[in-house]
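This report describes the fold, dimensions and surface of one protein model. A single residue is then considered in its context.

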Amino acid sequence: MFIWLFHRISGVSLIILIGIKISTSYFLFTKDKKPDWALSLHRHPVLDVLILILFTFHSIYGLRTVAIDLGYKKEKQLFILANILASLISAVLIYFYFRMS
């Protein structure tokens with residue numbers, strides 16, 4: 001039940017966060033004076049890290065759901081494996097994000 005709910009909430013959250021990221025990026029390409037709120041929101045690291053974490057967990061949980069739909073029976077082990085894998089991938093992505101910026 002937790003994964004089903006998290007998968008739905010993270011999907012909607014990703015749509016909103018990526019929408020914010022795309023809409024604020026339009027201000028970067030204008031020749032007029034750029035609003036400070038849009039630039040600070042676009043370059044905010046919390047927004048980027050949240051997108052990375054939600055995207056990773058959403059995609060790994062989606063793969064877990066596909067594996068269960070294909071007939072994998074050990075849901076508890078798959079839950080633990082998905083959490084460990086998503087946590088490791090998120091940690092590596094966040095590390096490279098902060099290293100590159």
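## Basis and secondary structure

Helices (H or I, at least four residues) and strands (E, at least two) are DSSP runs, numbered from the N terminus. By this definition the protein contains four helices and zero strands, and its order along the sequence is α-α-α-α.

The model is predicted: local features need pLDDT of at least 70, side-chain atom pairs count only at pLDDT 80 or more, and totals for chains, interfaces and linings use all residues. Residues are numbered from 1 along each chain as its sequence is written, and side-chain values use heavy atoms, with hydrogens and water left out.

## Dimensions and contacts

The radius of gyration, taken over C-alpha atoms, is 17 Å for the protein, whereas a compact globule of 101 residues would have a value near 13 Å. That globule rule is 2.2 Å times the number of residues to the power 0.38. Along the principal axes, the C-alpha atoms fill a box of roughly 60 × 25 × 20 Å.

Among contacts (heavy atoms within 4.5 Å) with a separation of 6 or more, 64% join residues 24 or more positions apart.

## Burial and surface

Of the 101 residues, 28% are buried, where buried means under 20% relative accessible area, exposed over 50%, and partly exposed in between (1.4 Å probe, protein chains only). The protein exposes about 7,300 Å², of which carbon and sulfur atoms supply 74%; accessible areas come from the Shrake-Rupley method with a 1.4 Å probe.

## Gln 77

Gln 77 lies in helix H4, which spans residues 75–100. With a relative accessible area of 46%, Gln 77 is partly exposed. Its C-alpha atom is separated by 31 Å from that of Ile 16, 61 residues apart along the chain.
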